[in-house]
Amino acid sequence: MTNNINTLPRSDDVVIVGGGLAGLFCALKLAPRPVILISAAPLGQGASSAWAQGGIAAAMAEGDTPEAHAADTVAVGCGIVDEAVALGIAREAAPRIHDLLAYGVPFDRDLEGRLAVGREAAHSARRIVHVRGDGAGAAIIAALSEAVRRTPSIRLIEGFVAEALLTEDGAVAGLRLREAGDAAAQPILLAARMVVLATGGIGHLYAVTTNPREASGSGLAIAARAGAVIADPEFVQFHPTAIMVGRDPAPLATEALRGEGATLINGRGEHFMAARHPLAELAPRDIVARGVFAEISAGRGAFLDARQALGARFGDRFPTVHASCMAAGIDPATQAIPIAPAAHYHMGGIAVDHRGRSSIDGLWAGGEVSSTGAHGANRLASNSLLEAVVYAARIADDIAGRTSPSPARLADAATPRGGAPDAAAVKRLRMLMSAHVGVIRDGYGLADAVRSFAALEREATSIAVRNKATAALLVAASAWNRRESRGAHFRSDHAADVPALAQRTMTTLAAVREVADSLSERPTPRTAQPMIA
């Protein structure tokens with residue numbers, strides 16, 4: 001059911017923030033327990049999971065195993081994947097796929113009626129289940145949104161953002177909400193002792209991204225401001241093949257295209273990935289992204305070429321990508337597609353345990369806003385949707401075993417007015433993130449970004465801008481601290497990995513503010529940077 005927020009009782013025991021895959025799946029799994037589901041955008045819009053083209057990784061084909069899936073996950077994660085977490089997720093893949101089928105998700109099937117599986121980068125087997133080639137995310141979100149609307153125990157509130165997480169004695173007490181896009185609106189306090197954050201990632205903090213504008217790190221920021229431990233924030237995955245046609249966010253050319261034989265070429269027609277990695281186009285995403293970045297930086301440009309691999313079959317096999325290209329005047333059946341790396345997925349997030357619990361009592365996190373330890377320094381293709389449904393189900397199971405605590409009293413809590421977002425400040429933040437906290441980083445640029453984000457966090461009059469600055473500061477300061485290159489985190493001034501640093505980052509907002517303070521006290525000299533091969 002859909003409700004006006006002003007008519008809600010304050011005694012509902014579970015509040016889920018986020019209308020993407022993790023939030024929807026968790027709400028459905030909690031039924032018939034009463035749930036308030038808060039979505040910043042109308043349900044089905046504004047969720048990165050709705051845009052996911054690849055699919056869901058699941059070892060369901062003959063000859064494949066969860067153990068092999070977990071081994072691939074560990075290998076791509078560059079030494080810091082929690083192996084027990086990876087194996088647990090892989091083993092829960094099949095039942096979660098069957099859950100999605102029961103909710104009406106029309107996964108592709110072969111001629112014998114079995115689930116059709118494809119292969120994507122760094123997977124040792126064909127284990128990606130799709131919907132019409134490149135439409136898995138949209139189809140999953142559509143099916144789950146319809147199921148949510150049919151579920152009477154779920155109260156759906158659309159068009160509101162959570163701008164603060166309220167705590168009392170170290171435990172969750174509620175949320176401060178505000179109407180999306182209306183900084184002058186009076187904030188609303190919602191008492192809640194059990195909150196699930198499923199607010200998505202941080203991609204829109206970057207100038208070039210495949211993520212919707214709602215993916216601006218709000219959940220990460222409000223949890224950090226409430227004192228939550230944040231894990232691995234420096235690890236941001238850049239999708240190597242965003243379609244560069246002047247759109248924000250940039251359309252995505254799914255990795256499945258390369259799985260079907262599409263190649264990467266530069267403006268001279270040269271296949272440049274074969275010299276960089278034995279798997280060439282199917283190398284891990286961080287390696288492919290740096291290869292594409294290097295060609296663009298050298299002025300040669302980068303293109304995805306599916307003319308020989310797909311040709312006239314492109315439109316039928318990958319209708320979403322085909323439509324994006326045709327809208328920009330590019331026929332991918334006969335033309336190479338211009339591409340560039342774009343911020344795509346955040347491996348870091350709110351640190352959670354195997355049940356999805358954060359360090360704050362009463363706060364769970366699922367989906368991209370969380371960090372479970374499954375992805376390490378570099379996410380394996382199509383593991384994100386799988387992790388979202390596995391942890392959403394685990395969170396629901398954990399909450400189901402709890403009795404409803406008495407709601408907090410929030411009547412006297414401060415409700416600050418929201419200032420209008422400064423568009424120029426947001427644009428500068430996004431440019432700094434892409435320039436200094438992007439595909440290739442160095443100490444000088446990171447220090448500049450840290451100082452800028454810390455200053456913006458202190459001075460911003462807009463709560464929305466302050467939260468963006470908080471999320472950006474967490475990423476930049478942690479990247480400055482990690483003086484090595486590992487997975488998606490590549491520093492040209494520390495280009496090798498350091499074995500002693502093969503461990504996850506655990507930090508807090510207080511800790512990264514200390515980094516910012518130390519950098520503000522002393523300038524960072526620019527040193528000559530080695531060229532990227």
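Asp-398 is found in helix α11 of this predicted model. With a relative accessible area of 12%, Asp-398 falls under the 20% limit and therefore counts as buried. Leaving aside residues up to four places away in sequence, Asp-398 touches Arg-355, Arg-357 and Trp-364.

Rolling a probe the size of a water molecule over the atoms shows where empty space is left. Five cavities of 30 Å³ or more are present in the structure, and the largest cavity holds about 60 Å³ of space. Its lining consists of His-69, Thr-73, Ala-86, Ile-89, Ala-90, Ala-374, His-375, Asn-383, Leu-386 and Glu-387.

Strand β15 covers residues 337-346 and is joined to β12 by six bridges, the two strands running antiparallel. Within this pairing, Phe-238 stands opposite Ala-343, while the bridge partner of His-239 is Ala-342. Strand β15 is also joined to strand β14 (residues 303-305), by two bridges and again in the antiparallel sense; here Phe-303 has Pro-338 as its bridge partner. How much of β12 and of β15 is buried? In β12 (residues 236-243), eight of the eight residues are buried, and in β15 the count is 10 of 10.

The pairing of β7 with β8 (residues 171-179) extends over eight bridges, and in it Ala-162 stands opposite Leu-177 of β8.

Another open sheet has four strands, in the order β18-β16-β11-β19, and its pairing is mixed. Its edge strands are β18 (370-371) and β19 (506-507), each of which pairs on one side only. Strand β16 (residues 349-351) runs parallel to β18, and two bridges join them. Ile-350 stands opposite Ser-370 in β18. Helix α6 (residues 218-225) packs on this sheet, where it touches β11 (230-231) and β16. The direction of α6 makes about 40° with that of β16.

The cysteines remain to be considered. How many disulfides does the model contain? A disulfide requires a pair of cysteine sulfur atoms within 2.5 Å, and by this rule the count comes to zero. Two cysteines may be described by their accessibility. Cys-26 has a relative accessibility of 1% and is buried, because that value is under 20%. Cys-78, by contrast, has a relative accessible area of 26%; this value lies between the 20% and 50% limits, and Cys-78 is therefore partly exposed.

Notes
Residues numbered from 1 in each chain as written. Predicted model: local features only at pLDDT ≥ 70, side-chain atom pairs only at ≥ 80, totals over all residues. Heavy atoms only, no water. Buried < 20%, exposed > 50% of the residue type's maximum accessible area, 1.4 Å probe, protein only. Pairing = 2+ DSSP bridges. Contact = heavy atoms within 4.5 Å. Axes fitted to C-alpha atoms, helices over the stretch in contact; angles between N-to-C directions. 1 Å grid on protein atoms, 1.4 Å probe; cavity = no way out; pocket = protein on both sides within 12 Å on 5 of 7 lines; lining within 4 Å. Points joined across faces, edges and corners; volume = space filled by probe spheres on them.
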